[in-house]
Amino acid sequence: MKNIKDYNLDELKEEFKELGEKPYRAEQVYIWLYKDKVKEFDEMTNISKELRQKLKENFTLCNFKIVKKLESKDGTKKFLFDVLDGNMIETVLMEYHHGRTLCVSSQIGCKMGCKFCASTGIPFIRNLTAGEIVEQILAVEQEEKVKISNIVFMGIGEPFDNFENVINAISILNNPKGLNIGARHISISTSGIVPKIYELADKKIQCTLSISLHATNNKKRSEMMPVNNAYPIEELIKACKYYIEKTNKRISFEYALAKDNNDNLEDAKGLVKLLHGMLAHVNLIPINKIENGKFVKSTDNNIIRFRDYLNEHGIVATIRRELGSDIDAACGQLRRKTIEEKR
Ligand code: SF4
C-alpha cells in the first residue's frame, strides 16, 4: 500500500482526483497529517466517513515505532526507529540556543564507505522514501511534544544518492500547509557527489549545502573517503564554485580532525589555499571514535591551532560543539551497535 506521506501537496491532489475527490480535500488531509500530526485516518474528524474509508483502503500512515531512545547528559536525544519492514534508522535531536535541530537519515545503510563512519561495515539496504524522511520529524515532534525548527541531512546515508526523495521530502517540509520549515533552516550534507551539486544549484532551493571535505589532497581524501576516487577534489571545488555563483549562498565545509592524519599545519595551509576567495565556512569536527575505526580524535591543542590558523588566513572556521558523545550520537553508531547485538 502507498504511504500517504510520500506525496507533496500537488501530488496528493492528483491522487485525490484519481479517487474522485476534490483537491481541497487533499489540503484538509494534509493539515491533519502535518499540523495536527494524527496517527489514524479516523482522527480526521472533518473528513467524511466514506473518504476516511477510501483513504484506509488506499494508503498507510507509516507511523514509525521507537525501538530505542537514549538521552545524553547534554540533552541530545537519539532515536532508533523501526521503519516497519524490520529495518532500523537513527534520528538525533539536538538543542541549540537558536532552536531544536533534527539530524535525519536518508537511507538504510550507506554505499559511500567513509572510513571514519559507523555506517560503514553494515550493508546498504535501501533508500528511504520521502514519507519515511518526513516521518522522522513527525515521530520526534509527537514523542517529545516539541516543534523542530531546523533539519540537517547528516544521519545515515548519502542524501545525494537518494536525491529525488530528499528533494521531495524538502518540498513537504517546506509547505506552509505542512510542517512549514523554511528551506533556509534545512541543511544537506554530501560526501561530494558532484553531478548532484550542479543539479541542486540549478534547482535554486534555498537550503544550506554542506560538503564533507576532511582532507585537502586527493591521496589523503581518497584514503578517508572512497567517493573521492570518482569525484576528486578539483572537480568537487569546481562544482562548489558553480553552486555559489548560481545561488549566492555560502557553503559549509565539514572537516573532521583526526589525530596525526589531517590535523597538522600543512593541512590547514592546504585548506586555506583550496578555499581561498570562496563564500565558505569551515566547520571543524572533533572526530567521533568508532569501534574498530582507524581514526582517533585530534588533541584540543591541535584543534584550536588548526582553527586559529584558518581564521588568521581569511577562512571563517568554527569548532562544532560535541553533542551526545555519551550516547553514540555520531551517524550510524547506535544502529550498528543494535544490529551487532542482535547477531
Ligand atoms: S559519513 Fe555519511 S556518506 Fe560517509 S559513509 Fe557515513 S553516512 Fe555515508
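Helix axes here are lines fitted to C-alpha atoms over the stretch in contact, and the angle between two of them runs from 0 to 180 degrees between N-to-C directions. With that in hand, welcome to this predicted model. The protein is divided into domain 1, residues 2–60, and domain 2, residues 65–342.

**Helices H6 and H9**
- Helix H6 covers residues 194–203 and helix H9 covers residues 233–247; they pack at an angle of about 5°, with axes 9 Å apart.
- Angles under 35 degrees count as roughly parallel, so H6 is roughly parallel to H9.
- On the H6 side, the residues that meet H9 are Val 194, Ile 197, Tyr 198, Leu 200, Ala 201 and Asp 202.
- H9 answers with Glu 235, Leu 236, Ala 239, Cys 240, Tyr 242, Tyr 243, Lys 246 and Thr 247.
- Sorted by class, the contact of H6 with H9 holds 10 nonpolar residues, 1 polar and 3 charged.

**Helices H10 and H11**
- The axes of helix H10 (residues 265–275) and helix H11 (residues 300–312) come within 10 Å of each other and cross at roughly 30°.
- H10 and H11 are therefore roughly parallel to each other, and H10 passes H11 in a right-handed crossing.
- H10 brings Leu 265, Ala 268, Leu 271 and Val 272 to the contact, while H11 brings Phe 306, Tyr 309 and Leu 310.
- The contact of H10 with H11 has 7 nonpolar residues, with no polar and no charged ones.

**Helices H1 and H2**
- Helix H1 (residues 9–18) packs with H2 at an angle of about 125°, and their axes are 8 Å apart.
- H1 and H2 are therefore oblique to each other, and their crossing is right-handed.
- From H1, the contact is made by Leu 9, Leu 12, Lys 13, Phe 16 and Lys 17.
- From H2, the contact is made by Pro 23, Arg 25, Ala 26, Glu 27 and Tyr 30.
- The contact of H1 with H2 divides into 6 nonpolar residues, no polar ones and 4 charged ones.

- Taken over C-alpha atoms, the centres of domain 1 and domain 2 are separated by 33 Å.
- On the domain 1 side, 10 residues are in contact with 15 residues of domain 2.
- Helix H2 (residues 23–34) gives the largest share of the side of domain 1 that touches domain 2, with 4 residues.
- That side of domain 1 has 4 nonpolar, 2 polar and 4 charged residues.

**Around the ligand**
- The ligand is surrounded by 12 residues.
- The closest of these are Cys 110, Met 112, Cys 114, Cys 117 and Ser 191.
- By class, the shell around the ligand divides into 6 nonpolar residues, 5 polar and 1 charged.

Definitions and conventions
Residues numbered from 1 in each chain as written. Predicted model: local features only at pLDDT ≥ 70, side-chain atom pairs only at ≥ 80, totals over all residues. Domains from an automatic or database assignment. Contact = placed C-beta atoms within 7 Å. Helix = DSSP H or I, 4+ residues; strand = E, 2+ residues; numbered from the N terminus. Nonpolar A, V, L, I, M, F, W, Y, C, P; charged D, E, K, R; others polar. Parallel < 35°, antiparallel > 145°, perpendicular 65-115°, else oblique. Left-handed = near helix turned anticlockwise from the far one by under 90°. Near = placed C-beta within 6 Å.
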